[in-house]
Amino acid sequence: WQHIGGVDPDFDHFNEAATALNKGGVVGAVTFLVRNGIYDEQVTLNEIIGVNQDNPVVFQSENGDSTMVRLFYASADPAKNYTLRLNGTDWITFRKLTIEATNGTFGNAVDFTAGATHNTFENNEIKGPNEGDANYVLNSYDSNDDFITIRHNRILGGRVGVHLYGL
């Protein structure tokens, strides 16, 4: 187990864990237990070396309460209008977290791109802004983003809750 946030963590923030994954990859299954807290940051996970069906990566609330871990971001840049981006990322699970885009005009809580596949969101609270035309709570414009599992989440706000583009 790796810990994010709280007292004596392995990583202070989501971005520190993301940087380690993006640069170093994994040699086995990895679970990040996220401690209670408010995390104001924009996170991008890229294709991660070593991640596959047998070696997935999981981010989950340490205490199992999605309302106690809040990852949010208010992007001021329409070209980077997301809180969490999975950029070609595969075999990642997010469990029992709150993920929120807080810009009132535009913003996606979760953005899939570049063939992100086999990703799972379960038992989360995922929120988007209630105003504006370009707000998707979970969004994919890439027809190669496949095998996305969205199970037992509470999806709130946004112009559209789930927007998955495909052929």
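Mentor: Let us begin with a definition: a residue is buried if its relative accessible area is under 20%, exposed if over 50%, and partly exposed in between, with a 1.4 Å probe and protein chains only. The model is predicted, so local features need pLDDT of at least 70 and side-chain atom pairs count only at pLDDT 80 or more, whereas totals for chains, interfaces and linings use all residues. Residues are numbered from 1 along each chain as its sequence is written, and side-chain values use heavy atoms, leaving out hydrogens and water.

Both Phe94 and Phe121 are buried. A pair of aromatic rings is described by the distance of the centres and the angle of the planes. Rings of Phe, Tyr and Trp (its six-membered ring) pair if their centres lie within 6.5 Å; planes under 30 degrees apart count as stacked, over 60 as edge-to-face and the rest as tilted. By this rule the structure holds seven aromatic pairs. One of them joins Phe94 and Phe121 in a stacked arrangement, with 5.1 Å centre to centre and 15° between the planes. Because Phe94 lies in strand E8 and Phe121 in strand E11, the pair ties together parts that are 27 residues apart in sequence. The names of such elements come from DSSP runs, numbered from the N terminus: helices (H or I) have at least four residues and strands (E) at least two.

Phe121 also forms an aromatic pair with Phe112, and this one is edge-to-face, at 5.8 Å centre to centre and 90° between the planes. Phe112, like Phe121, is buried. These rings belong to one aromatic cluster, formed by Phe11, Phe14, Phe32, Tyr39, Phe59, Phe94, Phe112 and Phe121.

Strand E8 covers residues 92–95 and includes Thr93. Thr93 counts as buried because its relative accessibility is 12%. Leaving aside residues up to four places away in sequence, Thr93 touches Val57, Val58, Phe59, Thr120 and Glu122, where contact means heavy atoms within 4.5 Å. Trp91 lies in the loop between strand E7 (82–87) and E8. The phi of Trp91 is positive, near 60°, in a residue other than glycine. Its relative accessibility is 25%, so Trp91 counts as partly exposed.

Asn123 lies in the loop between strand E11 (120–122) and strand E12 (125–127). Although Asn123 is not a glycine, its phi is positive, at about 60°. With 33% relative accessibility, Asn123 counts as partly exposed.

In helix H1 (residues 14–24), Phe14, Ala17, Ala18 and Leu21 are buried. Seen down the axis of H1, these buried residues fall within an arc of 100°, so they line one face of the helix; the arc is that of the directions from the helix axis to the C-beta atoms. The face of H1 turned away from the buried side carries the exposed residues Lys23 and Gly24. The buried residues of H1 pack against several strands, including strand E2 (30–34), strand E3 (37–40) and strand E5 (57–61). Just after H1, Gly25 takes a positive phi of about 70°.
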